[in-house]
There are 2 protein chains.
Amino acid sequence: MRRTMKILCSKAEILNGVNIASKAVPAKSTMPILECIIIQVTDNTIKFITNDMELGIETMISGTIIEAGSVAVNAKIFSDIIRKLPDNDVNIETDASYMLTIQCEKSVFTIAGKSSEEFPALPKIEKRDALVLSQFSLKEIIRQTVFSISDNESNKIMTGELFEISGTEFKAVTLDGHRISIRKISLKEEYKATKVIVPGKTLLEISKILSGEAEEEVHIYFTDRHILFEFSSTIVLSRLIEGEYYKINQMFSGDHETKFTINRKVFLDCIDRATLLIKESEKKPIILGINDTVLELKINSTIGSMNEDIDIIKEGKDILIGFNPKFLIEALRVIDDEEVTIYMTNPKAPCFIRNQEETYIYLILPVNFASAR
Amino acid sequence: MRRTMKILCSKAEILNGVNIASKAVPAKSTMPILECIIIQVTDNTIKFITNDMELGIETMISGTIIEAGSVAVNAKIFSDIIRKLPDNDVNIETDASYMLTIQCEKSVFTIAGKSSEEFPALPKIEKRDALVLSQFSLKEIIRQTVFSISDNESNKIMTGELFEISGTEFKAVTLDGHRISIRKISLKEEYKATKVIVPGKTLLEISKILSGEAEEEVHIYFTDRHILFEFSSTIVLSRLIEGEYYKINQMFSGDHETKFTINRKVFLDCIDRATLLIKESEKKPIILGINDTVLELKINSTIGSMNEDIDIIKEGKDILIGFNPKFLIEALRVIDDEEVTIYMTNPKAPCFIRNQEETYIYLILPVNFASAR
């Protein structure tokens, strides 16, 4: 049914909605309609809808509805125009041939829109048994794990993040073959056992939209093929990755031989400095010598060499062990504690950075450094 | 004479010096020595020296001199290392084979340096008759003119900026074939008549180093081939562009037919919005219709159309005229006045944006828009 559409909203409100919806617009698509935002106006709601076939977003904005109707408009052009308008009320209307007029103060833009009919609708999800988290918790969990997904699309499962719920425990896991990141939080209520693999890209986009407020909630719903996040005036719907996640439990058995505690920031800055000497192509490891009260970090490259001592509190054996500095940096960066405790067994066995309660565990495989010395 | 060198300076002091000196380091050079910074330590000065053969910089830093000497070190590696050091005192020393050790707190870097002997020394300039400006004035003049140099190296003179001094007037001019930018300031004292063409790139780099303080001075010295800027603890020496600058005076004769005054920010924002509709490849002009009390801006492109009315105060004839929006934007952006006055003659003659005192004049050629409507 073709109807013309007419709304009046503040620029700020439109811009906010467009910014949210744009997260599910593909940069380039073989289906031009996917590069559009759908403006869908009913008698009592104004919605922006986008869908890149993996991720779909629907966000509601407030404004005055003068005439219901809907139109598809190129997301990039529309958001560029809105962004540059004066901070005032904006009139948006379409005519019968989907020409879109955007008017604000004395400025009038006219651009061609399209019918929204060929736009792929978001699948209908039955909302049952919401898993409830704060926006803060979800945003933090994502930040603290998503960096170690793999970007190698040939192994789809590694590009995703495991969400595993059992009782009141929510566990998120990512891995890329060299490391595993695990974060656990407690839910306020028990939830039925659930295990799904969420695309990492979805989580990255969601974390950009989440406010991060501890007082605001996210409701999460699962189906066999989808995960639905509902928060503020927004719904984000993502396909799940199909398949069985890796069994990682056997990686966490066995005892450590060395345990030490180190100031996180000092350690991080030191590794960061050391990476100056590594060219992208070289893949040089940094070498950590854990002695009684000191960690000695060493690196030797074609550019030069560096060494630095850091005070530690150690239990167990001395050890000399090599690492890809990037893996240590990325884990240390997302931990909030001032001091971290690191567990090692031998120069070929994984090392663990974890707290006592195991609300976070970062497993990192060492690198052979015999040739690097 | 090969001597080892040893100094102790604060990280902040070294970093500041390195940031200044790095402005004359070429990104890539066929002479690797030019990618170096020279650390030159005498019995009472520590200097960083760089030279890309067009531009040379010498900046002095304060610190404790333990042993005089000099060394050449890759500017990028050195500045990366300094930047990442803790905020504390830094020990820098070389051994007899130019190995450079940089030590700060418990961190020790060792990188290979080179003899500074093959580094091309900056030409000695006799400092006579300083032209004195405030750092603020020089930085402003550069900002307000340098955007309209040409980047076409086949016409060397257009890549430069004319500095013309006569009596107490300092005039800076740039042009690129489509527009001319002129800025004049008054000097505190008379200076002998001088006319030089300074490379635009030099001025861009200098303006990054200038503090912009009205209370701090710059001393400028001229020779036949060079211009020397001396300020704070820094000397910047640049080659001049040889040749005769364009005679531009005849462009400024003749009377206008239309004169109008417009709010600069409102006009600028409006043109900025209009450019959304122009793809880089299209080169569409914006069309200004100057009527009695209103400027009507129009643009039509493959993306869509826009029009907007802006209130003006006009004298003279109505006019319809087209412009490359970029040229208007760049001029309007650097003017500080709230209201600007624009003079036009006909749709093919240059338009002028200037103030009454003519301390700034921006000449912009219009574009044929017959095909654009």
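I began with A:Asp318, which counts as partly exposed at 43% relative accessibility (buried means under 20% relative accessible area, exposed over 50%, partly exposed in between, with a 1.4 Å probe and protein chains only). Its partner in a salt bridge is A:Lys314, with the closest N and O atoms 2.4 Å apart (a salt bridge is a side-chain nitrogen of Lys or Arg within 4 Å of a carboxyl oxygen of Asp or Glu). A:Lys314 is buried, at a relative accessible area of 15%.

I noted the ground rules. This is a predicted model, where local features need pLDDT of at least 70, side-chain atom pairs count only at pLDDT 80 or more, and totals for chains, interfaces and linings use all residues. Residues are numbered from 1 along each chain as its sequence is written, chains are lettered from A and ligands numbered from 1 in the order in which they are written, and side-chain values use heavy atoms, with hydrogens and water left out.

**Salt bridges within a chain**

I looked up the total: 47 salt bridges over all chains. In chain A, A:Asp269 bridges to A:Lys265 at 2.8 Å between the closest N and O atoms. Both sit in helix α5, four residues apart, about one turn of the helix (helices, H or I, at least four residues, and strands, E, at least two, are DSSP runs numbered from the N terminus). A:Asp269 is partly exposed at 29%, and A:Lys265 is partly exposed at 48%.

B:Glu58 lies in strand β4 (residues 55–61) and B:Lys47 in strand β3 (residues 46–51), so the pair ties together parts 11 residues apart in sequence. B:Glu58 is buried at 17%; B:Lys47 is partly exposed at 22%.

**Interface of chains A and B**

I turned to the contact (heavy atoms within 4.5 Å). It takes 25 residues from chain A and 25 residues from chain B. The two chains bury about 2,200 Å² between them, 56% of it on carbon and sulfur atoms (buried area is the accessible area, 1.4 Å probe, that two parts lose on being put together, summed over both). A:Lys84, A:Lys106 and A:Arg273 supply 28% of the area that chain A buries, more than any other three residues.

I found four salt bridges across the interface. In one, A:Asp311 meets B:Lys106, with the closest N and O atoms 3.2 Å apart. β19(A) gives the most to chain A's side, with seven residues.

Last, I followed β19(A) across to chain B. Five bridges join β19(A) to β9(B) (residues 107–112), and the strands run antiparallel (two strands pair if DSSP finds at least two bridges between them). A:Asn307 stands opposite B:Val108.
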